[in-house]
Amino acid sequence: MIYEINETHDPNLKSWVESANDPNTDFPIQNLPFCQYRLSASPDRGYEHGVVIGDKVVDLYRLFAIGTFSRELHIELGEDITCSATVDGIADNDKNLIAILRRNLVRVLSEDADALTRDRVSGCLVPIGDVTFEMPFWIGDYTDFYCSIYHATNVGSMFRPDNPLLPNYKYVPIGYHGRASSIVISGTDIKRPHGQNRSDAEAPPKFIPSKSLDYEMELGFFVGQGNELGTSIPISEVEQHIFGVCLVNDWSARDIQAWEYQPLGPFLAKNFATTISPYVVTMEALAPFRTKAFERDADDPQPLDYLNGEQNQKLGGLDINLEVYIQTEKMRAENIEPHMLSRSNTKDLYWTIGQMLTHHASNGCNLQTGDLMATGTVSGPEKSERGCLLELTWRGTEPIDLPSGEQRRFLEDGDEIIMKGFCEREGFRRIGLGECCGKILPAWGS
Ligand code: CA
């Protein structure tokens, strides 16, 4: 079932953590995303599990240990607090526990909390500036979909002008298995990959650093509860298997991709790096920003029955704004602010994240807690809504002018890509997904 809007989404809720009440913060008390972090000053200490509010991280383990939570939550988590207080432990539980935890967090962080609670809980707060974020989950598997029909049509029309969209597209949420080992957290530098380039169709391919390095603006989502091998996840139950969302940059080397992708799809063009944001915004926090599934053209087929759920059609979509910015080395040197490349929205995806997950498990494939799924590049119908350079520059033929006087067809060394996500709706508090950043370093040997 999709989470309902409740008192934790009340726009009038405020926190005694003052920075959470800043109208521009991504992390008001209505959000409370999960994260894992280390104290930057003591990097040898292990990971801590936290929840972000304003410019602070709440140390979840310490919060459990001081006993501020309800009896109900302590009973649910039992003796095994150190284990259960991990994000994995909370995610791999039924939906009820996450909801109880959210209510408890809101209670102890709200401005209505009594002085004693505030005093004790403030001992569990760490300034964001003092932490280094780590991967929010241990990611066992990563799958990338291709669910924006605008992206698929644009890319298809560059390669197959007469037949941009293949006949399976409106039936199958297309995806491929990505690589989990090369997923990195926001802020990690990305080394330009080498690969086979066959831009000269008359000559054999050359093994050189990629000349057309690109980003892809995607929404990621984490599996909460998994499913046993040989079982599937019905569309009517899929939401309780989704823990929350993050931002994903699926770095892509277009020259490597163009040569290698047939017949088995993406491989080395994609698996050298994927960057994710460190904050997992829970499905309950997103409740006010749910929307209907993509409205199909009258002559489009309806989803097959196993992908067609009443509630999924009504509320399975997500209204999340996604923005991409670039800052080149020259822009940094000249103190020029990052330049916006695109703004798109996940409500334009042809398939909902629930349909993606149900489809993924529909053959009996077992999904596991912490598995990362990504939607594929989120592009909209307008030119300003294209979520990668391949589309924005039309395969490099229409370069982008930057405020520094530079032009870009694809990414140059020193370029930083900054992705942001946020939700806004009349009558509700704005919440954000934070940032997902990465800077391109020269290829080895360069
Ligand atoms: Ca992708």
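This is a predicted model: local features need pLDDT of at least 70, side-chain atom pairs count only at pLDDT 80 or more; totals for chains, interfaces and linings use all residues.
Ground rules. Residues count from 1 along each chain as its sequence is written, and side-chain values use heavy atoms, without hydrogens or water. Local features need pLDDT of at least 70, side-chain atom pairs count only at pLDDT 80 or more, and totals for chains, interfaces and linings use all residues.

Calcium first. Which residues are the protein donors of the calcium ion? They are Asp-144 (OD), Glu-216 (OE), Glu-218 (OE) and Asp-250 (OD), at 2.2 to 2.4 Å. Donors are N, O and S atoms within 2.8 Å of the metal, or 3.2 Å for Na, K and Ca; water is not among the atoms, so sites may look incomplete. The donor spacing in sequence is D-x71-E-x1-E-x31-D. Glu-216 and Glu-218 are buried, meaning under 20% relative accessible area with a 1.4 Å probe, protein chains only.

Now strand E20, residues 321–327. Strands are DSSP runs of at least two residues, numbered from the N terminus. Here 7 of the 7 residues are buried, so E20 is largely enclosed by the rest of the structure. Asn-321, Glu-323, Tyr-325 and Gln-327 cover one side; Leu-322, Val-324 and Ile-326 are on the other.

What does E20 pair with? Pairing takes at least two DSSP bridges. E20 runs antiparallel to E21, residues 339–345, over 6 bridges. Take Ile-326: its bridge partner in E21 is His-339, and in E25 it is Ile-417.

Notes: Buried means under 20% relative accessible area, exposed over 50%, partly exposed in between (1.4 Å probe, protein chains only). Helices (H or I, at least four residues) and strands (E, at least two) are DSSP runs, numbered from the N terminus.
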